[in-house]
Amino acid sequence: MATGKQLKAAILARRVARGPRKKRTRPKPRQYTVADLERARNRGAAAERRIDNDHTSNPNRGRAGLERAQLELHIIESQLRLPGEGCPFGCTRSRAKNDAGPDYTCNRS
């Protein structure tokens, strides 16, 4: 039979093997690329085609897939429009001398 000291040593050895307890660090936000933007656009177009070609009596069938694709596309476009990220739409940043903040314009087609 194991004594108290042996049990305590076994528990401590197991904890050391797993590592210290600490807070989980959050992952960094994903950095999207222009390829991700094109993929999201294609996914949205495919979802729209699926809904158009569906001839069932349920009008909401497949709607969730379309909304999810549109949301992802919106997120990717928003991140790529940020200054310093390299906007694929030809966004420019201009600042007047007496202006309180920067003015962003996007030449999106």
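Predicted model: local features only at pLDDT ≥ 70, side-chain atom pairs only at ≥ 80, totals over all residues.

Residues are numbered from 1 along each chain as its sequence is written, and side-chain values use heavy atoms, with hydrogens and water left out.

**Whole chain**

Show the cartoon. The protein has three helices and two strands, in the order α-α-α-β-β from the N terminus. Helices (H or I, at least four residues) and strands (E, at least two) are DSSP runs, numbered from the N terminus.

Of the 109 residues, 13% are buried (buried is under 20% relative accessible area, exposed over 50%, partly exposed in between; 1.4 Å probe, protein chains only). Among contacts (heavy atoms within 4.5 Å) between residues at least 6 apart in sequence, 43% join residues at least 24 apart.

**The pair α2 and α3**

Select residues 34-52 for helix α2 and residues 63-81 for helix α3. Their axes come within 9 Å and cross at roughly 160°. Axes are lines fitted to C-alpha atoms, for helices over the stretch in contact, and angles run from 0 to 180 degrees between N-to-C directions. The crossing angle therefore makes α2 roughly antiparallel to α3 (under 35 degrees is roughly parallel, over 145 roughly antiparallel, 65 to 115 roughly perpendicular, the rest oblique).

Now show side chains. On α2 the contact includes V34, L37, A40, G44, A47 and I51; on α3 it includes G65, L66, A69, L73, I76 and L80. By class, the contact has 10 nonpolar, three polar and seven charged residues. Ala, Val, Leu, Ile, Met, Phe, Trp, Tyr, Cys and Pro count as nonpolar, Asp, Glu, Lys and Arg as charged, and the others, Gly among them, as polar.

**Two single residues**

Select R39 in α2. R39 is partly exposed, at 45% relative accessible area. Its C-alpha atom is separated by 8.9 Å from that of L73, 34 residues apart along the chain.

Finish at I75 in α3. I75 is partly exposed, at 41%. I75 and Y32 are 43 residues apart in sequence and 9.3 Å apart in space, C-alpha to C-alpha.
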